[in-house]
Amino acid sequence: MRLGIRLLFAFFLINGIAAFFVLRVFMAEIKPSVREVMEDMMVDTANILAELASDDLAAGRLQAGGAGHSLFAKQVQRYASRPLDANIWGMSKQTLDYRIYVTDAQGRVLFDSENQAVGADYSQWRDVARTLRGEYGARSTREVESDDTSSVMHVAAPIYVTTPQGRQIAGALTVAKPTRTVQRFIDRAERKVFMGGLLLLALSAAVGVAVTLWMVWNVRRLRDYALSVQGPAIGDEAGLAPTALAVPQVPGELGDLARAMDRMRARLEGRDYIEGYVRALTHELKSPVAAIRGAGELLQDDLPPADRAGFATQVVQQSERLQRIIDRLLELSKLEQRQHAEGSAPVALQTCAEVAIDQTRGRAAQRGITLELHGNGRNGAWEAELVTMAVTNLLDNAIDFAPAGSTVRVELDGATLAVQDHGPGVPDYALPRLGERFFTTARPGGERSGSGLGLAIVRRVMALHGGHMTAGNTSPGLRVVLEFGAG
C-alpha cells in the first residue's frame with residue numbers, strides 16, 4: 001500500500017471514530033437536555049400557580065364541585081381557551097399545552113383544567129405524594145405504554161395556607177405538559193447536529209486529503225532527490241564536475257532530512273568524482289610513464305648515437321605529453337570548481353576567435369594548414385579568457401585531425417561559433433562521447449591520441465556560459481558548433 005493511501009486511510013479512520021463518538025454524545029444528550037430545561041421551567045410555573053391558587057384553596061372555593069366560584073379556576077380556564085399563533089425560531093405554536101390540576105391535602109383532585117379527573121384520588125401518584133410530604137414531586141407517565149413520544153411530564157408544587165400553627169401544606173398543584181410538544185425542537189436540533197457533523201466530517205476529509213497530498217508531494221520530492229543521488233554524478237560522462245542539485249525546500253523535519261541528504265550527496269559525489277579522476281588519470285599517465293621508463297632503461301645500455309638520440313627524443317616527447325595532460329587537468333579542475341562565468345563588460349565573440357586563431361596559427365603552419373575566419377559574431381557578457389580558451393582547444397583538435405594542405409574554418413553567426421575541418425571525422429558511435437574526460441579517437445595515420453581533455457574543457461566552458469556544444473560529421477570533416485547562452 002502506498003504512503004499516501006496509508007496516511008489517508010489512517011486520517012479517515014481516526015477522524016471517523018472521533019466524529020462517530022462526538023456525534024453520538026451530542027445526539028444522546030439533546031433529548032434529555034431539552035427535557036431537563038422543560039422540567040426546570042415547569043417547576044417555576046407550578047410554584048407561581050400554587051401561590052395564585054392558595055387563597056381560593058384556603059377559602060374553600062376550589063372544593064370539588066365549587067370550582068366555578070374560584071377566580072383562579074376561571075383564569076386557568078380562560079388560559080386554556082386563549083387563541084395563539086407564535087413563531088418560535090421558525091416553529092409555529094398554535095396551542096397551549098399545560099394541563100393544571102389541584103389536589104387537597106389527601107391527594108383528591110379538586111380542580112382539573114381539562115375536567116378529566118375531578119374527584120379522583122391522586123394520592124399515590126409520585127408528583128402529588130412527594131409534594132404533600134414536603135418533597136420535590138415530579139413524574140413522567142406514558143399515555144401509551146409502548147410509545148415513548150406519548151409521555152407526559154408532571155411537576156407539582158405545594159400549596160401553602162396560613163394557620164394559627166403557621167404555614168402548612170394544604171394541597172398540591174401539578175403542571176403537566178406532553179413531551180411531544182418539544183419533540184419537534186429535539187428533532188430539529190438532532191438534524192442540525194447531524195448535518196453539522198457531516199459537514200465537519202467533509203471538511204476534515206478535505207483537510208486530510210490536502211495534508212496527505214502535501215506530505216506525499218514533499219516525500220516524493222525527497223525520494224526523487226535521493227534517487228538522483230544514486231545515479232552517476234552529474235558531469236561524469238561529459239568530463240564535468242558534479243553540479244549541485246537543488247535541495248528540496250520543505251519545512252520542519254523534512255527540511256532537516258533534505259539538508260542532511262544534500263550533505264551526504266556532496267560527500268558521495270566528491271568521493272566518486274575524485275575516484276573517477278584518479279582512475280582516469282592513472283590510465284592516461286600509464287602509457288607515457290611506461291614509454292619514459294622503457295626509453296630510460298635502454299639509455300642505460302651502450303647504444304649507437306642515432307638510437308640514443310631517438311630514445312632521448314622519445315623521453316622528451318613523452319615528458320611533454322605528461323606536461324600537457326597535467327596542464328589541461330589543472331585548467332579543467334579550475335573550471336569545474338566554478339559555478340558560472342564572470343563576464344561584466346560586453347565581449348565580442350569575433351575578437352575571441354581572432355585571438356584564438358593567432359595563438360594556434362604557428363602550429364597550424366607547421367602542419368601546412370590554413371586557418372580562416374568567416375562571418376560576424378555579436379557581443380555578450382561572456383568571460384573573454386574562457387571563450388578564447390574554448391576556441392583554442394577546438395582549433396588544436398581540428399589541426400590534429402585535418403590533413404596537410406587543408407583549411408580549418410571558423411564561422412561566426414551571432415552567438416554561435418562553428419569550427420569546420422576536412423579530416424576523417426569521428427565514428428558515429430563516438431559522437432555522443434565527445435567531451436568526456438580522457439575520451440579520444442585515433443589520429444590519422446596511426447599517430448598517438450591526444451589527452452582527451454581539450455573537448456572536456458570546451459564543454460565545461462559552454463556550461464559555465466549557459467550554452468552547449470554539438471558535433472557532427474560533414475563527410476569529409478567534423479563540424480563542432482558552440483552556442484552561447486544569453487550574455
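Methionine 153 is buried, with a relative accessible area of 8%; buried means under 20%, exposed over 50% and partly exposed in between, using a 1.4 Å probe and protein chains only. This is a predicted model, where local features need pLDDT of at least 70 and side-chain atom pairs pLDDT 80 or more, while totals for chains, interfaces and linings use all residues. Residues are numbered from 1 along each chain as its sequence is written, and side-chain values use heavy atoms, leaving out hydrogens and water.

Methionine 153 sits in strand E6, residues 151-163. Strands here are DSSP runs of E with at least two residues, helices are runs of H or I with at least four, and both are numbered from the N terminus.

What is methionine 153 in contact with, leaving aside neighbours within four places in sequence? The list includes Arg35, Met38, Glu39, Arg139 and Val175, where contact means heavy atoms within 4.5 Å. Glutamate 39 is 114 residues away from methionine 153 in sequence, yet their C-alpha atoms are 7.7 Å apart.

Now to another part of the chain. Strand E14, residues 478-483, runs antiparallel to E12, residues 416-420, with five bridges joining them. Two strands pair if DSSP finds at least two bridges between them. Leucine 417 is opposite leucine 482 of E14.

E14 also pairs with E13, residues 468-473, antiparallel and over six bridges. Alanine 471 has valine 480 in E14 as its bridge partner. Four residues separate E13 and E14 in this hairpin, and serine 475 in the turn has a positive phi of about 50 degrees.

Overall, the protein chain has nine helices and 14 strands, and 40% of its 487 residues count as buried.
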